[in-house]
Structure formats: C-alpha cells, structure tokens
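Here is a short note for a colleague who has not seen this model before. Please read the points with the structure open.

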Amino acid sequence: AAVCDKLSLPWLLLTFVALAVLQIAANLINDLGDYKKGADDTDRLGPPRVLAKGWLAPMQVKKAVDYLLYTALGLSLPLIYRGGLGVLVLGSIGVAGAIWYTSGKHSLAYMGLGEVAVFCLFGPGAVYGTMLVQHEGGLSYISGWAP
C-alpha cells in the first residue's frame, strides 16, 4: 500500500478491522482445535486459553467463531467489490488456513507447517490483499506483482 499514489484511509481502516476480526476468529479456532486434541489443558504453559481454563464451553467458542466469520464476511464484501476476485481468493485461503491450523487429522501446526502458514497468510497474503483494495484490484503497473 506504500506505493499508492493516494492512500485511502477509510479503505485501509476497513481492511484492518476485517483482518483483526479474522485474526480473533483464527485464535479461537486454534484454541478449539488444541482443546479437542488435548494439547491445551489446565496445566498448559503460556498464555491462558479460554477452553483450557474453563472460561467458555466448546459450543460457546464455536458460536463465537461462527459470529466472527460472518462478521468478517460482511466487512469483506465491500473490500471484495473494490479489490476484486483476488481479495476473495486470499480471504478464502486465509479462513481455510485458520481452520486447518489445528483442526482435522492433518492440521498444519501438528505437521510443523503452522508458522509457515501464519507467515504466508498474515504476511504477504494480508499485504497483497491490502494493496489490491488500495489499488481497486489493479496492480498491473507495479513491477513484480502482476503482468
């Protein structure tokens, strides 16, 4: 976004809010996945987790995740409209990555790919999506990013 001729602060703020909601959802999905696998319990080292501490029940966390993902979708619709199909694809990959981080038999974190996924999704993926929104989907004039 730093290469924009003119930075749109409202679009940048909406992008950051949508990404923050997705990050919160990803953290709760991670908590749920680790809890179901037995990785997080009351003896866990590190920051407290809502399920391990018994602060929330698994169904409450699942409902919160659903609410957050629907909220992120609602926030993302104008971003997709402005930034194009690339924003939809990047957002979908981000949600899938959040789910597969600790959920399922072959979760990314338990195969040693968690940090790589987090870097790709919340590093270059988020930056590129932000650039698409700032440039209204047109990045063809930025050398190295698009043909």
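1. Start with how elements are assigned. Helices are DSSP runs of H or I with at least four residues, strands are runs of E with at least two, and both are numbered from the N terminus. On that basis the protein has five helices and zero strands. Along the sequence the pattern reads α-α-α-α-α. Keep in mind that this is a predicted model.

2. Next, the chain as a whole. The protein has 147 residues, and 35% of them are buried. Its exposed surface comes to about 9000 Å². Carbon and sulfur atoms supply 68% of that surface.

3. How much of the contact set links residues 24 or more positions apart? Such pairs account for 65% of the contacts with a separation of 6 or more.

4. Now one helix pair. Two packed helices are described by the angle and the distance between their axes. Helix H1 spans residues 9–37, and helix H3 spans residues 85–102. Their axes come within 7 Å and cross at roughly 25°. Angles under 35 degrees count as roughly parallel, so H1 and H3 are roughly parallel to each other. The crossing of H1 and H3 is right-handed.

5. Which residues make the contact between H1 and H3? H1 contributes Leu22, Ala26, Ile29, Asn30, Gly33, Asp34 and Lys37. H3 contributes Val95, Ala98, Ile99, Tyr101 and Thr102. By class, the contact of H1 with H3 holds seven nonpolar, three polar and two charged residues.

Note on methods
Residues are numbered from 1 along each chain as its sequence is written. This is a predicted model: local features need pLDDT of at least 70, side-chain atom pairs count only at pLDDT 80 or more; totals for chains, interfaces and linings use all residues. Side-chain values use heavy atoms; hydrogens and water are left out. Axes are lines fitted to C-alpha atoms, for helices over the stretch in contact, and angles run from 0 to 180 degrees between N-to-C directions. Angles under 35 degrees count as roughly parallel, over 145 as roughly antiparallel, 65 to 115 as roughly perpendicular and the rest as oblique. A crossing is left-handed if the near helix is turned anticlockwise from the far one by less than a right angle, and right-handed if clockwise. Contact means heavy atoms within 4.5 Å. Ala, Val, Leu, Ile, Met, Phe, Trp, Tyr, Cys and Pro count as nonpolar, Asp, Glu, Lys and Arg as charged, and the others, Gly among them, as polar. Buried means under 20% relative accessible area, exposed over 50%, partly exposed in between (1.4 Å probe, protein chains only). Accessible areas come from the Shrake-Rupley method with a 1.4 Å probe; for residues, only the protein chains shown count as cover.
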